[in-house]
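Colleague: I am new to this protein and would like to go through it with you, one question at a time. Could we start from the overall picture and then turn to the ligand?

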Amino acid sequence: MLSPDPWRALDAQPNVHALIAGLEKRGSTPAQTRLRARFLRFVPVRAGQRVLEVGCGSGVVLRDLAARVGRRGEVVGLDHSRTILAAARRLCRPAPGCGRIVLRHGEGGRLPFATGRFDVTLGITVILHVADPLPVVREMARVTRPGGRVGLQDQDFGMVAATHPDRDLTHHILDGVVKHLYEEPYSGRRLPGLLREAGLASVRLLTDVFQDTTLEPWTKTFLERRAEYAVSFGLVDAATAQRWLDGFTALVAAGSFVFTMNYYGAVGARP
Ligand SMILES: C[S@@+](CC[C@H](N)C(=O)[O-])C[C@H]1O[C@@H](n2cnc3c(N)ncnc32)[C@H](O)[C@@H]1O
């Protein structure tokens, strides 16, 4: 049976192009750009390194990485969706340093790379979508050279705060949807443990927060999708979902809108 989480089997989704557009919208949000930059510094990713991103999607992070590793570096993006890889190919073409980006089709749990091939291996907002993440992280560790780094970053859907006049309804929708949608909605806080279990050493954690006070386009789409899911999972009826969305619009008009979501970044060294 197909999982309700669209990122598990992107090519089978009727709205695949809308999902890809949403990823690009998220990637271009200034708060998300800062969040990515802080994580890449934390790992750290340096000039001249060979970097792999597993679950690279449309290439938002790959484009940052290409700028970061410079002319002597190399960036490889791997994804199991052929549709999103085609989009990544198109979207990365105009980016500075695009010649350094190589795209590969493959599964996170069976990486088509030699042992020790990379200096840094990353998984950014991907582990959350993997039903059995440990084999993927073990593979990431295998393709990383001794002394190299494996870095994971995920949002944690148990750490979402949103102002709304109906707090109970907000909890009912946000918590209810993630329980139906994801195998492990609280994956962010589990990343350090996952790295240790996969045999990585010197594990460090960076907790970061995405913050929006104006209902930016990506946040608006995020909340609208949560409302749609809440209806399709039978949590609320369509009128209640619309009333919930209208509650945010009123707060924005009053200048009282706040939406925050925790991101956890964890890094470990390959012994
Ligand atoms: C939410 S997107 C994140 C994309 C990118 N890392 C970013 O932050 O913009 C998750 C991506 O991981 C891919 N993915 C999910 N599970 C995967 C797996 N087991 N192996 C390879 N790719 C996977 C999906 O196809 C999707 O493109």
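Predicted model: local features only at pLDDT ≥ 70, side-chain atom pairs only at ≥ 80, totals over all residues.

Colleague: Which radius of gyration does the protein have, and why does it agree with a compact globule?

Modeller: The C-alpha atoms fill a box of roughly 55 × 40 × 35 Å, taken along the principal axes. For 271 residues, a compact globule would have a radius of gyration near 18 Å, and the value for the protein agrees with this, because it is 19 Å.

Colleague: Which strands stand at the edges of the sheet?

Modeller: The sheet is open and has 7 strands in the order 3-2-1-4-5-7-6, with mixed pairing. A strand at an edge has a single partner strand, so one side of it is left without a neighbour in the sheet, and this holds for strand 3 (101-105) and strand 6 (201-212).

Colleague: How many bridges join strand 6 to strand 7?

Modeller: Strand 7 covers residues 259-269 and runs antiparallel to strand 6. Within this pairing, Leu-206 stands opposite Gly-265 in strand 7. The bridges that join strand 6 to strand 7 number 10.

Colleague: Turning to the ligand, which residue has a side-chain N or O atom 2.7 Å from an oxygen atom of the ligand?

Modeller: The shell around the ligand holds 20 residues, and the closest include Glu-53, Gly-55 and Asp-79. An oxygen atom of the ligand is 3.4 Å from an N or O atom in the side chain of Arg-26, whereas a nitrogen atom of the ligand is 3.3 Å from a polar backbone atom of His-80. The side chain that has an N or O atom 2.7 Å from a ligand oxygen is that of Asp-79.

Colleague: How much of the ligand's accessible area does the protein cover?

Modeller: On its own, the ligand has 590 Å² of accessible area, and the share of this that the protein covers is 96%. Helix 1 (16-28) and helix 3 (60-69) are the elements that give two or more residues to the shell.

Colleague: Where in the chain is the cis peptide bond that joins Val-43 and Pro-44?

Modeller: Most peptide bonds are trans. The bond between Val-43 and Pro-44 is cis, with omega at about -10°. Pro-44 has its place in the loop between helix 2 (30-42) and strand 1 (50-54).

How values were computed. Residues numbered from 1 in each chain as written. Heavy atoms only, no water. Near = heavy atom within 4 Å. Polar contact = N/O pair within 3.5 Å; in protein donor to acceptor, adjacent residues only side chain to side chain. Areas by Shrake-Rupley, 256 points an atom, 1.4 Å probe, with all protein chains shown as cover. Helix = DSSP H or I, 4+ residues; strand = E, 2+ residues; numbered from the N terminus. Pairing = 2+ DSSP bridges. Rg over C-alpha atoms; globule rule 2.2 N^0.38 Å.
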